[in-house]
Each structure stands twice: as C-alpha cells, then as structure tokens.
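Work through the exercises below with the sequence and the model at hand. Each task is followed by a solution in steps.

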Amino acid sequence: MSKQGVLISFEGVDGSGKSTQARMLYDYFKKHNYDVLFIREPGGTQVSEAIRAILLDNAHAKMSARAELLLFLAARAELVDEVIVPALKQGRIVITDRFSDSTLAYQVDGRKLPRRVVTETNSFAAARVKPNLTFIVDLEIAKAHSRLTEKKDRMESSTREFHKRVRRGFLKIAKAEPRRVKVVDGKKAPDAIFQEILAVSQAFLTRRKLGPQKRSKWICRDNFALLADALTGVRRRFAMHQ
Ligand SMILES: Nc1ncnc2c1ncn2[C@@H]1O[C@H](COP(=O)(O)OP(=O)(O)O)[C@@H](O)[C@H]1O
Ligand SMILES: [Mg+2]
C-alpha cells in the first residue's frame, strides 16, 4: 500500500503573514521535487469558492454566527472530499492556508458559539481529517491589521476585540496541542520565520519518511536530450575508430 500523505496547515489572524509563509513552504517543496499541493480555505472547489464569495462579501455583514459556521463547514466538507482525502491517499503533502483551527478560534472564541457544538460539527465536516502539523503565525492585531492594504472583507471587518479573541483562541489551541501546533513570531522578517518553519517541517517529514519524489530531475526532457547527444557523440567517435 502506498504511504499516506500529510496535511500541513497555516493559521493565524488576518495580516499575520500566514499566506506568505504557506506559499514559501510550498515553493520550497515544489523546487525540491516533493509531491506537494497548495490549497486555501474557504475555497478550492467550485462549491467551496461559491461559498467563499458569500462568506467574504461585505453585503452580508449581518449574517448570523450559526449560518457563518455552517457555511465555513460546508466549504470544508467539499474540499476534504474532493481534494484533501484523494491527495492524502496518493501520499501527497498538502499545505493549506487555514483549516479547522480557524473554525475554533473564529467561531468559538471570536463569535462565542458553544465549543461543544463547534468541535463536533468541525470534525464531522472534516470527515475526521486533522492536520498533522500546524503553524500559527502569531502577531498582535494592531500590527497585523496595519499590514492589510486591500479593502477589508466581511471577516476582516469585524471589531478589533473580536480579532483579539481570535488570536487568544489560536494560542489556546497551541498550548493544548504542542506536538502538532507550533507558534512562530510574526514580527520577525519573512525569511527568519521561514527558516524556523522549514526546519520543523523537514524534521517532521523525515520522521514520516516522506522525501522528494523518486521521479528525480534526471528523468526530465532536458536530460533525455543530453543523454541522446552524449550517445550520438560516442557513436560518432566509435565509427571514426572503425
Ligand atoms: N514577516 C513579515 N513582516 C512584514 N510584513 C509581512 C510579513 N509577512 C507578510 N508580510 C506582508 O504583510 C501582508 C499580509 O501578509 P499575508 O501573508 O497575506 O497575511 P495573512 O495571509 O495572514 O493575512 C502582505 O503584504 C505581506 O507581504
Ligand atoms: Mg492570507
């Protein structure tokens, strides 16, 4: 049976730098020939992208917290079934920009929905898929929001108090699950944060015996061309000595 893949999630408040780091890790793995897939939440399938548009639209400022929870979970259920589970079955590394920890931090700590209900429905929506490794990029809200340059979406437009509770929610998760969840300091420069994330990720993948693909750079079209040239040269030289 082929090896099960791994799910690596990036979490944190808006503007903390999680998309930057998730993308850097994806680019690094891609460059080094790992079988890696990048996704972001909510989104990643046709249905999930349609739900994303509803969730982030400022015209829906008055959406109820329960409706918001269920929409996030519906988007995740689709993504899990259509993209994540098949990729994990193929032994791939899946990097996701947000996953179920966001639901706990935003809908429980932020929106104050009952933890028991959110925890239960959260794991139901994810079909019990859990990230194997999670990075929380932590940053104080004022600084994080000062980095947001584009017009704020519906979630980003929530009050500063709300976002402070969300930040505390993420830190609570990290405290409860220190083996899975690593907190990195979002104040540092992107490269410095990335070096920490890379070291932890590489150690984790080594433990899981997941490495670059066997289909090495060798078997690429360029190298076939080089090999063909070399053989032609050898044949020519051989013919000259006949
Ligand atoms: N470590 C960092 N230091 C300073 N600016 C950063 C850092 N990481 C990201 N940024 C910048 O801050 C903004 C928000 O980063 P982004 O990765 O999109 O955050 P998030 O995905 O958490 O909302 C972007 O303009 C990005 O270039
Ligand atoms: Mg982002």
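The exercises cover the sheet, the core, the ligand shell and some backbone torsions.

The model is predicted: local features need pLDDT of at least 70, side-chain atom pairs count only at pLDDT 80 or more, and totals for chains, interfaces and linings use all residues. Residues are numbered from 1 along each chain as its sequence is written, while chains are lettered from A and ligands numbered from 1 in the order in which they are written.

**Exercise 1. The sheet**

Task: Determine the strand order of the open sheet and the sense of its pairing.

Solution.
- Step 1. Helices (H or I, at least four residues) and strands (E, at least two) are DSSP runs, numbered from the N terminus. Two strands pair if DSSP finds at least two bridges between them.
- Step 2. E1 (residues 6-11) and E4 (residues 133-138) pair in the parallel sense over four bridges. In this pairing Glu11 stands opposite Ile136 of E4.
- Step 3. E1 and E3 run parallel and are joined by five bridges; Ile8 has Ile95 in E3 as its bridge partner.
- Step 4. Five bridges also pair E2 with E3 in the parallel sense, and here the bridge partner of Leu37 is Val94 in E3.
- Step 5. The complete order of the five strands is E2-E3-E1-E4-E5, with parallel pairing. Strands E2 (36-40) and E5 (181-185) are at the edges with a single partner strand each, so one side of each has no neighbour in the sheet.
- Step 6. On average, neighbouring strands are turned by 20 degrees against each other, direction ignored. For this angle, axes are lines fitted to C-alpha atoms (for helices over the stretch in contact), and angles run from 0 to 180 degrees between N-to-C directions.

**Exercise 2. Burial and the nonpolar core**

Task: Classify the residues of E3 as buried or exposed, then find which residues have the most contacts inside the largest nonpolar core.

Solution.
- Step 1. A residue is buried if 20 or more other C-beta atoms lie within 10 Å of its own, exposed if 12 or fewer, and partly exposed in between, with C-beta atoms placed from the backbone.
- Step 2. Five of the five residues of E3 (residues 93-97) are buried, so the strand is largely enclosed by the rest of the structure. Ile93, Ile95 and Asp97 lie on one side, Val94 and Thr96 on the other.
- Step 3. In E1, Val6, Ile8 and Phe10 point one way and Leu7, Ser9 and Glu11 the other way, all of them buried.
- Step 4. A nonpolar core is a set of buried Ala, Val, Leu, Ile, Met, Phe, Trp, Tyr and Cys residues joined through C-beta atoms within 7 Å. The largest has 45 residues, and Ile93, Val94 and Ile95 have the most contacts inside it. Helix H3 (residues 65-89) gives the most to this core, with eight residues.

**Exercise 3. The shell of ligand 1**

Task: Describe which residues surround ligand 1.

Solution.
- Step 1. A residue is near a molecule if its C-beta atom, placed from the backbone, lies within 6 Å of it.
- Step 2. The shell has 14 residues, the closest being Gly17, Lys18, Ser19, Thr20 and Arg147.
- Step 3. Helices H1 (18-31) and H8 (190-207) each supply at least two shell residues; H1 gives the most, with three.

**Exercise 4. Backbone torsions**

Task: Examine the peptide bond from Glu41 to Pro42 and the phi of Asn33 and Arg128.

Solution.
- Step 1. Most residues other than glycine have a negative phi, and most peptide bonds are trans.
- Step 2. The bond from Glu41 to Pro42 is cis, with omega near -15 degrees. Pro42 is in the loop between E2 and helix H2 (46-56).
- Step 3. Asn33, in the loop between H1 and E2, has a positive phi of about 70 degrees. Asn33 is partly exposed, with 14 other C-beta atoms within 10 Å.
- Step 4. Arg128 has a positive phi near 65 degrees and is exposed, with 8 other C-beta atoms within 10 Å.
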